[in-house]
Amino acid sequence: MLGDPTAHLYSAPRASPERLLSAAVLHRAVLDLFMASQAHGDGAPTVNEQKDNLRFLTSTSGVWAKMRHEHCAIADIDPDIVRETVLRWLHDEDDGHLLSFVYKGRGRAPSGEKTKAIFFAITGDVDKAAKARAAQARAVAKRREQERLRQADIAESMSRIAKREEEFFAT
């Protein structure tokens, strides 16, 4: 498990606005990358935005890597640790605590099967992309079934309560 490489940003006296802004850019990129598969509504990043976040966080060369290095330098965060840990999250090789400031109070970073499918499609690994899409479909089906069972439990509980009330008031 990696510790939070940004912990010093929030406890440091008088962190510069630039430093906090760069940390916020990294924070948002991680959030948008991993939470996109769970987000709903107008605020959810598009697939292209998610791809851009993935490239920003994982590229080894080019403009995306340069931007990550610049933001990490300003925020005093090792850009290679950011990249390596995001990749570990994508491959489920880490318990998800890099940039834990992103997920404070939320526990482990979500696995984001949709994010994995996009990652593997970008890297050209068609088999892993297909497996990730299938895993995403299974996860969606499982969540729907859990919700259906929860609603059935609620309906059954409400029925029992109504029956008890009826018996109580009948006497």
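**Reading the labels in a predicted model**

Guide: Welcome! F168 and F169 are both exposed; the cut-offs are over 50% relative accessible area for exposed, under 20% for buried and in between for partly exposed, with a 1.4 Å probe and protein chains only. This is a predicted model, where local features need pLDDT of at least 70 and side-chain atom pairs pLDDT 80 or more, while totals for chains, interfaces and linings use all residues. Residues are numbered from 1 along each chain as its sequence is written, and side-chain values use heavy atoms, without hydrogens and water.

Visitor: What makes the pair of F168 and F169 edge-to-face?

Guide: The count of aromatic pairs comes to one. In that pair, F168 and F169 have ring centres 5.2 Å apart and planes at 80 degrees, so the pair is edge-to-face. The rule pairs Phe, Tyr and Trp rings (six-membered ring for Trp) with centres within 6.5 Å, and calls planes under 30 degrees apart stacked, over 60 edge-to-face and the rest tilted.

Visitor: Why is M158 called exposed?

Guide: M158, in helix α7, has a relative accessible area of 53%, so it is exposed. Together with I154 and I161, M158 forms a nonpolar surface patch with about 270 Å² of accessible area. That area comes from the Shrake-Rupley method with a 1.4 Å probe, counting only the protein chains shown as cover. Patch members have over 30% relative accessible area and no salt bridge; nonpolar side chains (Val, Leu, Ile, Met, Phe, Trp, Tyr) are joined within 5 Å, like charges within 9 Å.

Visitor: What makes D76 and R19 a salt bridge?

Guide: The closest N and O atoms of D76 and R19 are 3.4 Å apart, and a salt bridge needs a Lys or Arg side-chain nitrogen within 4 Å of an Asp or Glu carboxyl oxygen. This pair joins distant parts of the chain, 57 residues apart: D76 is in the loop between α4 and α5, R19 in helix α2. R19 is at 18% relative accessibility, so it counts as buried. The whole structure has six salt bridges.

Visitor: How far apart in helix α7 are R148 and E145?

Guide: They are three residues apart, about one helical turn. Their side chains meet in a salt bridge at 2.6 Å, N to O. R148 is partly exposed at 46%, and E145 is partly exposed at 34%.

Visitor: Which residues have the most contacts inside the largest nonpolar core?

Guide: F34, L57 and L90 do, in a core of 22 residues. Helix α2 gives the most to this core, with six residues. Such a core is a set of buried Ala, Val, Leu, Ile, Met, Phe, Trp, Tyr and Cys residues joined through side-chain atoms within 4.5 Å.

Conventions:
Helices (H or I, at least four residues) and strands (E, at least two) are DSSP runs, numbered from the N terminus.
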